[in-house]
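Subject: Structure and notes

Hello,

Please find the structure below, followed by some notes on it.

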Amino acid sequence: AMVRHDPTKDLPKTSTTGAQRGIMLGLLAVGVINFAIVHNLAPQGDDPNERGIDVLRRQRSLGKHVASESDDETKNTMTANNAALGEPRKEKLSSAKSTDNPDRAEKGGSRETEGKKQERASEKGKNRASKEEKKEEKDPPYDARRESADFRRQLQHRSFAKETLHRVDLTFPTAVCNDGSPGAFYFKKAPDGGDEKLWLVFMQGGGWCWDEDSCHRRKHDEPTLMSSLKWPKTQQKGGIFIADQDVSPFAAANKAFVPYCSSDAFLGNSAATDNHLGLHFRGQALVEGSIRTLVSEHGLGPGHTLVFGGCSAGGRGAMFTLDYLPAMLPTGVTLLGLFDAVLWIDGFDSRMLHQTKTILELTNAT
């Protein structure tokens with residue numbers, strides 16, 4: 001009789017602890033499951049794609065990637081389903097293999113089309129960005145550096161000296177304030193090496209008066225807005241008048257500031273004898289006198305650029321007067337408007353509408 005040799009008979013006897021037995025059982029379980037995966041012994045559904053996904057999920061749970069080189073069907077199924085689980089595809093299926101599954105081939109084609117669209121869109125975006133960069137390099141915007149937060153912080157800690165402008169009295173007989181005192185403007189010529197062809201004329205704001213009560217309060221509270229008798233010989237102006245190119249684009253320009261003393265937003269054309277308040281409303285004459293004096297005495301001429309504007313009531317006057325300025329200027333002057341806070345919007349405030357109508361009638365604004 002044949003006697004079967006027991007290979008474990010010659011092994012030395014060893015004792016195993018509970019932990020060691022647990023590890024051995026775990027390794028045995030892993031081996032059995034891997035064997036089932038490789039030989040496709042896992043439960044199979046009707047859809048081969050579902051089988052491939054189930055196989056791959058089992059591989060992930062074990063922390064291993066098993067691919068059978070000899071089993072082409074399993075390998076192709078795993079490759080196709082990598083994309084279904086959100087993984088990057090490592091290889092593209094050939095057209096011959098994709099024809100085995102028409103649905104899969106159709107989906108692959110649509111993905112390829114979408115990919116081409118994305119590539120074209122990306123290429124267009126790059127070309128557009130490149131063109132914009134070249135344009136900025138060729139003609140950088142004036143305020144490009146001002147967009148920097150660091151630059152704005154530097155400006156906050158800098159002190160800017162105000163520009164000193166000198167008073168120029170107007171000699172036009174009708175260019176007078178409410179009380180009949182002569183009008184004036186304050187002027188600073190462009191500095192040496194500055195922009196002698198650029199001009200800024202900016203008109204002061206300060207409300208208006210439209211009846212006996214409002215004009216009486218104005219004369220009591222703000223007399224310098226109705227008379228030039230106490231105006232100084234010079235004025236220190238900041239903001240847009242500052243002679244620092246980091247702050248104002250008009251730093252090197254010719255600058256004129258037109259003070260406000262007609263209480264009519266520079267709209268009126270009425271003598272004191274023409275209204276029941278006994279006040280001169282000569283805003284139009286104050287503007288015309290200032291412009292003509294700049295032309296005749298200070299060099300505003302052809303080929304120059306005039307930026308004409310104002311703030312609040314001064315802005316209202318500038319907006320009203322802008323269309324009439326070409327008749328006061330030499331041919332060849334470029335004219336631009338700059339209106340700041342004019343507060344003149346249809347339907348904004350019924351009181352403003354009432355005041356405007358009253359002012360136009362009272363001051364003979366035409």
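Strands β1 (residues 163-169) and β4 run antiparallel and are joined by four bridges; two strands pair if DSSP finds at least two bridges between them. Within this pairing, H166 is opposite T234 of β4. Strand β4 covers residues 234-237, with Q235 and K237 on its covered face and T234 and Q236 on the uncovered one. Strands (E, at least two residues) and helices (H or I, at least four) are DSSP runs, numbered from the N terminus.

The model is a predicted one: local features need pLDDT of at least 70 and side-chain atom pairs count only at pLDDT 80 or more, while totals for chains, interfaces and linings use all residues. Residues are numbered from 1 along each chain as its sequence is written, and side-chain values use heavy atoms, with hydrogens and water left out.

Two residues other than glycine have a positive phi. For A265 the value is near 60 degrees, and this residue lies in the loop between β5 (254-258) and α8 (283-298). A265 is buried, at 0% relative accessible area. For S312, phi is about 55 degrees; its loop runs between β6 (305-311) and α9 (313-321). S312 is partly exposed at 22%. Buried means under 20% relative accessible area, exposed over 50%, and partly exposed in between, with a 1.4 Å probe and protein chains only.

Regards
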